[in-house]
Amino acid sequence: MAIRLGVNPKHADQMVRGTVALPHGVGKEVKVLVFAKGEKEREAREAGADFVGAEELVEKITGGWMDFDKTIATPDMMGTVGKLGKVLGPRGLMPNPKWGRLPRCGTAVKELKAGRVEFKVDKTGIVHTTVGKISFSADQ
């Protein structure tokens, strides 16, 4: 879906961004990677994260592995994850506290797996996002 909002995103007060949890997801399985240690690591695994770890994941990604769709990092891991900025940043995979992903990794994993969608207005004032699939039923 592409929606022209008629705003000028160059002005801070006209910037449109946010997240929304869709009740039936977007029709795609999301692979979530979580950078965490200790208690948060266990919490992320219980919430259903596909990949959980710390330095070993950083090394794996530096080596070229990119088999995931979304990333979450706990605040204590952001220093380690910062090394991946040049790899994850251009792909839009760098963990970002503005999207509400950082401190509550268990909740964030559940939301991402359930179908949370992030949206942001582009430089021309248009929001591009996915809201479902044509194959969804009328109720969905």
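This is a predicted model: local features need pLDDT of at least 70, side-chain atom pairs count only at pLDDT 80 or more; totals for chains, interfaces and linings use all residues.
Biologist: How many helices and strands are in the chain, and what pattern do they follow along the sequence?
Modeller: The chain has five helices and seven strands. Read along the sequence, they give the pattern β-β-β-α-β-α-β-α-α-α-β-β.

Biologist: What share of the contacts in the chain comes from residues 24 or more positions apart?
Modeller: The C-alpha atoms fill a box of roughly 45 × 40 × 25 Å along the principal axes. Of the 140 residues, 34% are buried. Among contacts with a separation of 6 or more, residues 24 or more positions apart account for 65%.

Biologist: Why do the buried residues of α2 fall on the same side of the helix?
Modeller: Helix α2 spans residues 55-62, and L57, V58 and I61 are buried in it. They share a side of α2 because they cover an arc of only 105° around the axis.

Biologist: Which exposed residues sit on the face of α2 turned away from its buried side, and what does the buried side pack against?
Modeller: The buried residues of α2 pack against β3 (32-35), β4 (51-53), α3 (78-81) and α4 (85-88). The face turned away from them carries the exposed residues E59 and T62.

Biologist: Is T80 buried or exposed, and which residues does T80 touch?
Modeller: T80 lies in helix α3. Its relative accessibility is 14%, and the cut-off for buried is under 20%, so T80 counts as buried. Leaving out residues up to four places away in sequence, T80 touches E55 and V58.

Biologist: Why do α1 and α5 count as roughly parallel?
Modeller: Helix α1 covers residues 38-47 and helix α5 covers residues 105-114. Their axes come within 8 Å and cross at roughly 25°. Angles under 35 degrees count as roughly parallel. So α1 and α5 are roughly parallel to each other.

Biologist: Which residues meet where α1 contacts α5, and what are their classes?
Modeller: The crossing of α1 and α5 is right-handed. From α1 come K40, E43, A44 and A47, which meet C105, G106, T107, V109 and K110 of α5. By class, that contact has four nonpolar, two polar and three charged residues.

Biologist: Which residues of α5 are buried, and what arc do they fall within?
Modeller: C105, G106, A108, V109 and L112 are the buried residues of α5. They line one face of the helix, because seen down the axis they fall within an arc of 165°.

Biologist: What do the buried residues of α5 pack against?
Modeller: One partner is a helix, α1. The others are the strands β3, β5 (70-73) and β6 (116-120).

Biologist: Which residues follow α2 and α5, and what is the phi of each?
Modeller: G64 follows α2, with a positive phi near 115°. After α5 comes G115, whose phi is also positive, near 120°.

Biologist: Where is V7, and which residues is V7 in contact with?
Modeller: V7 is in the loop between β1 (2-4) and β2 (17-21). V7 is partly exposed, with a relative accessible area of 24%. Leaving aside neighbours within four places in sequence, V7 is in contact with Q14, V121 and G125.

Biologist: How many Å apart in space are V7 and T124?
Modeller: In sequence, V7 and T124 are 117 residues apart. In space, C-alpha to C-alpha, the distance between V7 and T124 is 8.2 Å.

Methods. Residues are numbered from 1 along each chain as its sequence is written. Side-chain values use heavy atoms; hydrogens and water are left out. Buried means under 20% relative accessible area, exposed over 50%, partly exposed in between (1.4 Å probe, protein chains only). Helices (H or I, at least four residues) and strands (E, at least two) are DSSP runs, numbered from the N terminus. The arc is that of the directions from the helix axis to the C-beta atoms. Contact means heavy atoms within 4.5 Å. Axes are lines fitted to C-alpha atoms, for helices over the stretch in contact, and angles run from 0 to 180 degrees between N-to-C directions. Angles under 35 degrees count as roughly parallel, over 145 as roughly antiparallel, 65 to 115 as roughly perpendicular and the rest as oblique. A crossing is left-handed if the near helix is turned anticlockwise from the far one by less than a right angle, and right-handed if clockwise. Ala, Val, Leu, Ile, Met, Phe, Trp, Tyr, Cys and Pro count as nonpolar, Asp, Glu, Lys and Arg as charged, and the others, Gly among them, as polar.
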